[in-house]
Amino acid sequence: MIAGIGGGKALDTAKAVAHTLGLPVAIVPTIASTDAPTSALSVIYSPEGAFKRYLILPHNPSVVLVDTGVIARAPVRFLVAGMGDALSTWFEAEDCRIKRGTNMTGRLGPMTAYALARLCYDTLLQYGVLAKAACAQQVVTPALEHIVEANTLLSGLGFESGGLAAAHAIHNGLTVLHETHAYWHGEKVAIGTLALLMLADR
Ligand SMILES: [Zn+2]
């Protein structure tokens, strides 16, 4: 078994290596900064950090193990970036649903995925500020646990089964620009979400 421990790039690397070797993969996120942990895909970047392609994997990880005590002791900026990534999930899934766009498997999303994406959004609005305060104090609270669940599980299932739209496409474009390399995935996705809302006049 391959065990991936760390953030999004480490986890995506572990998933891709396990797939290449034909081994099961256990995913242990130490930050809740993206929805990479649960998904059956790895994002492939160029050595310069620009988005290249999605590597679609045949299976989701065998195990996803998150210790919120570890997440609480990580810098709060990671948690906030994860909320930025998760905030896009419902808007993108909703765009796919309305336009009959496909999810990451190339099929129309099920009702379940849209409901999970909506729960992700509602959880962020209800618990996001409390979770940020808890993480800044390095304590595990119910709000922090809800946000970790939203950032990883709900956002992961929501985007994979609901589909991606403009927010992640704009993020992928931003990764080409050297000036954006100091910013994390969820921070660039948040800019993409604002652009999506502007484009759709919402
Ligand atoms: Zn993302």
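Is Gln-138 buried, exposed or partly exposed, and how many other C-beta atoms lie within 10 Å? Gln-138 is partly exposed, with 13 such atoms in that range. This is a predicted model.

## Helix α3

Helix α3 covers residues 76-99. Of its 24 residues, 18 are buried, so α3 is largely enclosed by the rest of the structure. Its length can be checked. At 1.5 Å a residue, the 24 residues should span 34 Å. The C-alpha atoms at the ends of α3 are 36 Å apart, which agrees.

Just past this helix comes Arg-100. Arg-100 has a positive phi of about 55°.

## α3 against α4

Helix α4 runs over residues 111-136. It packs on α3 at an angle of about 160°. The two axes are 9 Å apart. Angles over 145 degrees count as roughly antiparallel, so that is how α3 lies relative to α4. The crossing of the pair is left-handed.

On the α3 side, the contact includes Val-76, Leu-79, Val-80, Met-83 and Trp-90. On the α4 side, Tyr-114, Arg-118, Tyr-121, Leu-124 and Lys-132 are among the residues involved. By class, the residues of this contact are 17 nonpolar, two polar and three charged.

## α3 against α5

Helix α5 spans residues 142-162. It meets α3 at an angle of about 30°, with the axes 9 Å apart. Angles under 35 degrees count as roughly parallel, and α3 and α5 are therefore roughly parallel to each other. This crossing, too, is left-handed.

From α3, the contact draws on residues including Gly-82, Asp-85, Glu-92 and Cys-96. From α5, Ile-147, Asn-151, Ser-155 and Phe-159 are among those taking part. The contact of α3 with α5 has nine nonpolar, six polar and two charged residues.

## α4 against α5

These two helices also pack on each other. Their angle is about 150°, and their axes are 7 Å apart. α4 and α5 are therefore roughly antiparallel. The crossing of α4 and α5 is left-handed. Its residues divide into 18 nonpolar, seven polar and no charged.

## Positive phi values

Most residues other than glycine have a negative phi. Gln-138 is not a glycine, yet its phi is positive, at about 60°. Gln-138 sits in the loop between α4 and α5.

Asp-201 also has a positive phi, about 55°, and is not a glycine. Asp-201 belongs to the segment after α7, a helix of residues 185-199. It has 5 C-beta neighbours inside 10 Å and so counts as exposed.

## Ile-31 in its loop

Where is Ile-31 found? Ile-31 lies in the loop between β2 (25-29) and β3 (41-45). A residue is buried if 20 or more other C-beta atoms lie within 10 Å of its own. Ile-31 has 24 and is therefore buried.

Leaving aside neighbours within four places in sequence, Ile-31 is in contact with Gly-7, Ile-71, Ala-74 and Phe-78. Ala-133 is 102 residues from Ile-31 along the chain. The C-alpha atoms of Ile-31 and Ala-133 are separated by 16 Å.

Technical notes:
Residues are numbered from 1 along each chain as its sequence is written. This is a predicted model: local features need pLDDT of at least 70, side-chain atom pairs count only at pLDDT 80 or more; totals for chains, interfaces and linings use all residues. Axes are lines fitted to C-alpha atoms, for helices over the stretch in contact, and angles run from 0 to 180 degrees between N-to-C directions. Helices (H or I, at least four residues) and strands (E, at least two) are DSSP runs, numbered from the N terminus. Angles under 35 degrees count as roughly parallel, over 145 as roughly antiparallel, 65 to 115 as roughly perpendicular and the rest as oblique. A crossing is left-handed if the near helix is turned anticlockwise from the far one by less than a right angle, and right-handed if clockwise. Two residues are in contact if their C-beta atoms, placed from the backbone, lie within 7 Å. Ala, Val, Leu, Ile, Met, Phe, Trp, Tyr, Cys and Pro count as nonpolar, Asp, Glu, Lys and Arg as charged, and the others, Gly among them, as polar. The expected span of a helix is 1.5 Å times one less than its number of residues. A residue is buried if 20 or more other C-beta atoms lie within 10 Å of its own, exposed if 12 or fewer, and partly exposed in between; C-beta atoms are placed from the backbone.
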